[in-house]
Amino acid sequence: MKINLQTGINELPRIGIVLNKRLLKLGLNNVEDLLFYYPFRYDDFSHIIPIADLKLSVHSTIRGRINIIANKRAFRRKIYITEAIISDDTASIKAVWFNQPFITKLLNQGDEAYFSGKAETTSYGLQLISPSYEKVKKDQTHTARIVPVYSLTENLTTKQLRYLIKLVLPLSQQLAEWIPQDILDKFKLISLQKAIQEIHFPTNNKILAQARNRLKFNELFLIQLKTQAIRQKISQQQAPSINFNQPLTKKFVNALPFTLTASQKQAAWQILRNMHQDAPMNRLLEGDVGSGKTVVAALAMLNVADNHYQAALMAPTEILAQQHYKTIKQVFKNYPIKTALLTRTEKIIGGKNTTKKNITEAIADGQVNIIIGTHALIQEKITFNNLGLVIIDEQHRFGVDQRKLLKQKTYLKNTKQTPHLLSMTATPIPRSLALTLYGDLDLSIISELPQGRKKVMTKIVPPEKRQHAYQFIRDEIKNGRQAFVICPLIEESDKLGVKAATQEHKKLQKNIFSDLNIGLVHGRLKGDEKENVMQDFKKKKIDILVATSVIEVGIDVPNASVMMIEGAERFGLAQLHQFRGRVGRADHQSYCFVFTDSDSEKTINRLKALVESRNGFELAEQDLAFRGPGEIYGLRQSGFPDLKIAKLTDYSIIEQTKQASVSIFKQDPFLDNFPKLREKLDYFTQTIHLE
Ligand code: ADP
Ligand code: MG
């Protein structure tokens, strides 16, 4: 039989049904899958030492002849022990294995073999304990080299996988190179075929590094190409060019009860300039909680309305939408701008309640200029008259599908024009990371908080000070304030944190604050139940609100002055910083109490960074260093492709891949001269949902 890259694993020699099933569980169907199943680490058994040089408890590899090998039953215990005496020119040593009697079938007296393991002192002298072993051959698989270690499922051994991959490795010759030669040259990349061979069975550490570099490049390059393709597509779309009305904007800014910060001004300027172009804006506005994104959004909406186009702002929850509506209505009260609020439960035009039918009509025929809402905005029935700008607040809270839907429905009536898009987020994403994560978006960053904000006092509370903290909270509540308590997920099975939060709520209500009103909000509650609890908290019917981290308490409750975080070691710094941003929103001095049962130095140092820094970006960088980006930014939910080998912290490769893809799209925007790249990109696009 002739095997090729597409040959199913079940057709390979020595593969039974059972083994095949286990491989399927790992997503391995055919030869190509095996080739691209990268090891997750390596054991370096390449250094072979004389037996005489073996050191106690150091992992080492020796090469020797088997003088004698035999099984015996342990004295009074039901286990087999295999013993062998191995010698080379320098010395002899005994090796022992437990409960692997089959070894005497694989290794025989007189065999020349490698043994990798640790030597330990026993009552019988120095012995090699359960070393891995392999007879000397032309080419070693399991010892005497840098050995790959794969992630496995139950009942699948590393040896089986190594055997299989070794078996199909010669087929890597059939892999087609898809990166153009000049890019390979420019970035000193080794060929795909060589990279695949070396990633599994590296010749040495240097070539292994080159192989890793090449395969990381593959992944990041595709993402960057995709990003450029999206940019390319957007640049060809038409959008209404929005004129910047400077006198009007000045008048608006001067009437605000505060002066804009320098970075608010800069962000607003970038947005206004961008909307003046006739290709759609696709921009992310990043700024810490409380940095004042809303007023920047208002400046954009003002100019859009002044150009006789509509603007829509979509928020992830009803409360947030209401909050925005109140603000927006207030700031535009002296302008000929009609505002509307559309959520599942509320329909308001210009401050007055109305019917669903009325609001739908008013949006469709352009009577309202600025529409604030929730998901309700993307229902089927809603059509806009001439939408010029879409703003999505906390864009990561919306799924890929919802973002897509919004895009589809916003084509301007009667024309093929696309509105400008502004996403806003309080998640601080370091610039380098944003290049990859949101490479198709332009970035505006509000990097400072308005002056005069009181610093939230942050304290790490050790277990013995817990009662003090409770007393402190009690005093704050006596003074009219309120508090949040955030609970971490404790068990893997408790995905929404319902159990954790429920237990905490019970504990506080029964044992600690039985005379106070303790509220509870978690992901199992229905939409309106959640809203009710939040409203009660806002109305001060609840003194302390227990919440899971899954629920973002993304609302303004200026009266709350204490943020208490349980199990803080389980959260990223950027996330802790966001929780902290929920207090300190009014004039009262506010506090953030960070509880941890961990006394590991690493955890304490990490949490100290939170005490010392108020800068979300700085904390996010530290997070990256400590924990890696995956869990922080919830990439899995965002539709971001799985990275098998590259990391979002591979900054220099990210830069290189960006440079390479920009230059390719500049030369050849439709990749006409790069058919292999285009094919690869099309396939990649089918398997991800970046857009
Ligand atoms: P976020 O960026 O979290 O959405 P908001 O837009 O809700 O922040 O602003 C938080 C608060 O700060 C609001 O009450 C807003 O009026 C106020 N604010 C915005 N910009 C400034 C500024 N330059 N100076 C003082 N207060 C400001
Ligand atoms: Mg906001």
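**A loop, a ligand and some packing**

Author: Let's start with K540, which is found in the loop between α17 (527-538) and β20 (544-548). Helices here are DSSP runs of H or I with at least four residues, strands are E runs of at least two, and both are numbered from the N terminus.
Reader: What's phi like at K540?
Author: K540 has a positive phi of about 70°, although K540 is not a glycine.
Reader: And how exposed is K540?
Author: K540 is partly exposed, with a relative accessible area of 46%. Buried means under 20% relative accessible area, exposed over 50%, and partly exposed in between, using a 1.4 Å probe and protein chains only.
Reader: Before we go on, what are the ground rules here?
Author: This is a predicted model, where local features need pLDDT of at least 70 and side-chain atom pairs count only at pLDDT 80 or more, while totals for chains, interfaces and linings use all residues. Residues are numbered from 1 along each chain as its sequence is written, chains are lettered from A and ligands numbered from 1 in the order in which they are written, and side-chain values use heavy atoms, with hydrogens and water left out.
Reader: Where else is there a positive phi in a residue other than glycine?
Author: H308 has one, near 65°. H308 sits in the loop between α10 (293-306) and β9 (310-314), and counts as exposed at 66% relative accessibility.
Reader: OK, zooming out. How many helices and strands?
Author: The protein has 22 helices and 22 strands. Its C-alpha trace spans about 95 × 70 × 45 Å along the principal axes, and 53% of the 691 residues are buried.
Reader: What share of the contacts with a separation of 6 or more links residues 24 or more positions apart?
Author: That share is 73%, with a contact meaning heavy atoms within 4.5 Å.
Reader: Now the ligand. Which residues come nearest to ligand 1?
Author: T259, G290, K293, T294 and R453 come nearest, out of 15 residues around ligand 1. A residue counts as near if one of its heavy atoms lies within 4 Å.
Reader: Switching to α6, which of its residues are buried?
Author: In α6 (residues 192-200), L192, A195, I196, E198, I199 and H200 are buried. Those residues pack against α2 (31-35), β1 (41-44), β7 (146-149), α4 (158-168) and α7 (205-235).
Reader: And D111, buried or exposed?
Author: D111 counts as buried, at 16% relative accessibility, in the loop between α3 (103-106) and β5 (112-122).
Reader: What does the side chain of D111 reach?
Author: The side chain of D111 reaches the backbone nitrogen of N108 at 2.7 Å. Leaving out residues up to four places away in sequence, D111 touches G64, R65, I66, L106 and K135.

Terms used. A polar contact is a pair of N or O atoms within 3.5 Å; within protein, one must be able to donate a hydrogen and the other to accept it, and residues adjacent in sequence count only if both atoms are side-chain atoms.
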